[in-house]
Amino acid sequence: MRFFCAALIALALLIEAQPVWACFCAGPASPVEGLTRSVAVFRGRVSEISLPFWDRIGLTNSGSHRVKFAVVKLWKGTPSNSIEVVTRLTGEACGFPFEANKEYLVYVVREPKDLQTGICTGTKNIGEAEREMKLLDDIMVGAKK
């Protein structure tokens with residue numbers, strides 16, 4: 001009977017176990033590399049954060065969020081007033097902890113189905129990005145010559 005109870009507890013623990021995500025990336029070494037690797041680079045203010053439809057209705061639990069930005073300045077990508085990207089909201093899963101109504105420097109990559117961003121792309125809080133945005137301005141001015 002003890003063996004049966006121990007096996008049942010072990011099975012219950014395995015069923016309830018959640019996947020562990022660990023992020024290991026170096027991110028881009030420079031703004032030039034980030035600009036090269038990305039399909040879009042912009043300064044944006046988060047206007048909305050939402051779960052994908054299948055997560056909202058409870059059929060999946062992807063951990064991904066759709067983050068919509070009002071574009072303040074665009075260095076690379078298709079001109080638009082807004083851009084929506086997918087990310088996880090934790091760094092452990094290589095996502096980025098965006099907050100509503102805050103500004104960020106965002107590097108976007110294209111994954112098979114979505115535009116995505118996270119800590120591995122070089123995305124950062126606007127307060128940490130002043131020097132990098134100046135470098136991006138300089139790169140773009142040099143590219144136009």
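Is D137 buried, partly exposed or exposed?

Hello, and welcome. What we have here is a predicted model, so local features need pLDDT of at least 70, side-chain atom pairs count only at pLDDT 80 or more, and totals for chains, interfaces and linings use all residues. Residues are numbered from 1 along each chain as its sequence is written, and side-chain values use heavy atoms, with hydrogens and water left out.

Let's begin with the strands. Helices (H or I, at least four residues) and strands (E, at least two) are DSSP runs, numbered from the N terminus. Strands β2 and β3 pair in the antiparallel sense, over seven bridges; to pair, two strands need at least two bridges found by DSSP. Across from V67 you will find V85 of β3. Five residues sit between the strands of this hairpin, and there G77 takes a positive phi near 125°.

Another positive phi, of about 65°, belongs to N101, although N101 is not a glycine. Most residues other than glycine have a negative phi. You can find N101 in the loop between β3 and β4 (103-110). N101 is exposed, at 54% relative accessible area. For that word, buried means under 20% relative accessible area, exposed over 50%, and partly exposed in between (1.4 Å probe, protein chains only).

Now for the pocket. On a 1 Å grid over the protein atoms alone, a pocket is an open set of points where a 1.4 Å probe fits, with protein on both sides within 12 Å along at least five of seven lines; lining residues have an atom within 4 Å of a point. The largest pocket holds about 400 Å³ of space, where volume is the space filled by probe spheres set on points joined across faces, edges and corners. Its lining has 23 residues, and S64, V86, T87, R88 and Q116 lie nearest the centre. Which strand gives the most to this lining? That is β3, with three residues.

Next, the disulfide, meaning a pair of cysteine sulfur atoms within 2.5 Å. Searching the whole structure turns up one. C25 and C120 are the partners, with 2.0 Å from S to S. This link is left-handed, with -95° about the S-S bond. The two cysteines come from distant parts of the chain, 95 residues apart: C25 in the loop between α1 (2-16) and α2 (31-37), C120 in the loop between β5 (115-116) and β6 (124-125). C25 is partly exposed, at 38%.

Last, salt bridges: a side-chain nitrogen of Lys or Arg within 4 Å of a carboxyl oxygen of Asp or Glu. The count comes to nine. One of them joins R43 and E103, at 2.5 Å from N to O. R43 is in strand β1 (residues 40-50) and E103 in strand β4, 60 residues apart. R43 is partly exposed at 23%, whereas E103 is buried at 17%. R43, R45 and E103 are linked in a network of salt bridges.

Then there is D137, which forms a salt bridge with K73, the closest N and O atoms being 2.7 Å apart. D137 lies in helix α4 (residues 130-144) and K73 in strand β2, so this pair ties together parts 64 residues apart in sequence. And our opening question? D137 is partly exposed, with a relative accessible area of 25%; K73 is partly exposed too, at 35%.
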